[in-house]
Amino acid sequence: GYNPHGLVVIDAQTDEAVRRIPLPSSWYGLAWRPDGTRLYVSGGNDRSEGVRAPVYEFEYKDGRLSEKPLRNLMETIDPKEIYWAGLAHHPQKDILFAASRTANNIVVFNTDTGEIVKRVSTEQTPCDVVLSKDGGRLYCSNWSSNSVSVIDTETLEVVSTIGVGDNPSDMLLHPDGRLFVCCANDNTVVVIDTATGSKIETIVTSLYPNAPEGSTPNSLALDAEGETLYVANADNYNICVVEVEEKGESDVLGFVPTGWYPSAVAVSPDDSKLYIGNAKGNGSYSNVRGPHSPVTEGTEGIGTVK
């Protein structure tokens, strides 16, 4: 959007923003190096003429994130074809997998040298990427193809493609091998058994089972015990709470109200807090200067209807 891009660091003890790092461009995609010393941030796309959006690499040391990226991991193709999305770092190797939406591939970076190892073609508009616990398989959701690509991380080849619902976006891998896939245009989360590569369940996240499309489930989080799944319904302004302890027996328990367009959800390690990112804030605003105005003067329309 037109608002300033960047990275915000929140102290989970005080719930305060302790650092704000402006970036030329950023979008969906964060990944930690397994030892916790590096954070990788998707640069999305940059519309500046001739500018290639990067994947940013930050240092994390002594409880603090570096004020600026240590370096940028760069693609070499036409800048107009670069649009970074989901990121995942291999658990044992110096390898970062970066989904490239517009180029329809996964770019494999060597995080030691910063060089590109390979580009793995996917189906259309790759979004999120998730690694198996041992790092042997990479799963990639393809927005425009309604599918999940399964990639062997040794050969760096697609070994299978699994059809899911409409507009698959965020994914989450359960410790027992179930892969949960948000299908944003279907009001559903599709559950895949990664051992067989087959769909075993479809969880409906809308307020009632036969609701028309429009709930837009787009983010997932799991509690520490692996029993409760939290699903952000962006266009319903809520978090759907689902019991997922038993395979194939998921049960929607209820809904937690949120702000405007929740598009990220996370659970604290002790399960005491639910963090919700409201993409459009906590209230709606008038737009009297038109849809392309980057800034509106004054406070007219905030929290009111005229």
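Two strands are taken as paired if DSSP finds at least two bridges between them. By this criterion, the predicted model contains an open sheet of four strands in the order S20-S21-S22-S23, with antiparallel pairing. Strand S20 (217-222) and strand S23 (251-257) stand at the edges of this sheet; each has a single partner strand, so one side of each is left without a neighbour in the sheet. From one strand to the next, the twist averages 25°. Within the sheet, strand S22 (residues 238-243) and S23 run antiparallel and are joined by six bridges. Isoleucine 239 is placed opposite valine 256 of S23.

Another set of four strands forms an open sheet in the order S16-S17-S18-S19, and its pairing is likewise antiparallel. Its edges are strand S16 (168-173) and strand S19 (198-204), each of which pairs on one side only. The twist from one strand to the next in this sheet averages 25°. Four bridges connect S16 with strand S17 (residues 178-183) in the antiparallel sense. Methionine 171 has valine 181 in S17 as its bridge partner.

The lining of the second largest pocket takes at least two residues from S20 and at least two from strand S24 (262-267). The volume of this pocket is about 180 Å³. Its lining consists of Leu172, Leu220, Ala221, Leu222, Asp223, Ala224, Val265, Ala266, Val267, Ser268 and Pro269. Sorted by class, nine of the lining residues are nonpolar, one is polar and one is charged.

Side chains of opposite charge can pair when their charged atoms come close. Ten salt bridges are present in the structure. Arg33, Asp35 and Asp94 are linked in a network of such contacts. Arginine 33 lies in the loop between strand S3 (30-32) and strand S4 (38-42), and aspartate 94 in the loop between strand S8 (84-89) and strand S9 (95-100), so the pair ties together parts that are 61 residues apart in sequence. The relative accessible area of arginine 33 is 18%, and this residue is classed as buried because the value is under 20%. Aspartate 94, at 32% relative accessibility, counts as partly exposed.

A further salt bridge joins the side chains of glutamate 157 and lysine 118, with an N to O distance of 2.8 Å. This pair also links distant parts of the chain: glutamate 157 belongs to strand S15 (residues 157-163) and lysine 118 to strand S11 (residues 116-121), and the two residues are 39 residues apart. Glutamate 157 counts as partly exposed, with a relative accessibility of 43%. Lysine 118 is partly exposed as well, with a relative accessible area of 27%.

Conventions:
Residues are numbered from 1 along each chain as its sequence is written. This is a predicted model: local features need pLDDT of at least 70, side-chain atom pairs count only at pLDDT 80 or more; totals for chains, interfaces and linings use all residues. Side-chain values use heavy atoms; hydrogens and water are left out. A salt bridge is a side-chain nitrogen of Lys or Arg within 4 Å of a carboxyl oxygen of Asp or Glu. Buried means under 20% relative accessible area, exposed over 50%, partly exposed in between (1.4 Å probe, protein chains only). Axes are lines fitted to C-alpha atoms, for helices over the stretch in contact, and angles run from 0 to 180 degrees between N-to-C directions. On a 1 Å grid over the protein atoms alone, a cavity is a set of points where a 1.4 Å probe fits but cannot get out, and a pocket is an open set with protein on both sides within 12 Å along at least five of seven lines; lining residues have an atom within 4 Å of a point. Grid points are joined across faces, edges and corners, and a volume is the space filled by probe spheres set on the points. Ala, Val, Leu, Ile, Met, Phe, Trp, Tyr, Cys and Pro count as nonpolar, Asp, Glu, Lys and Arg as charged, and the others, Gly among them, as polar.
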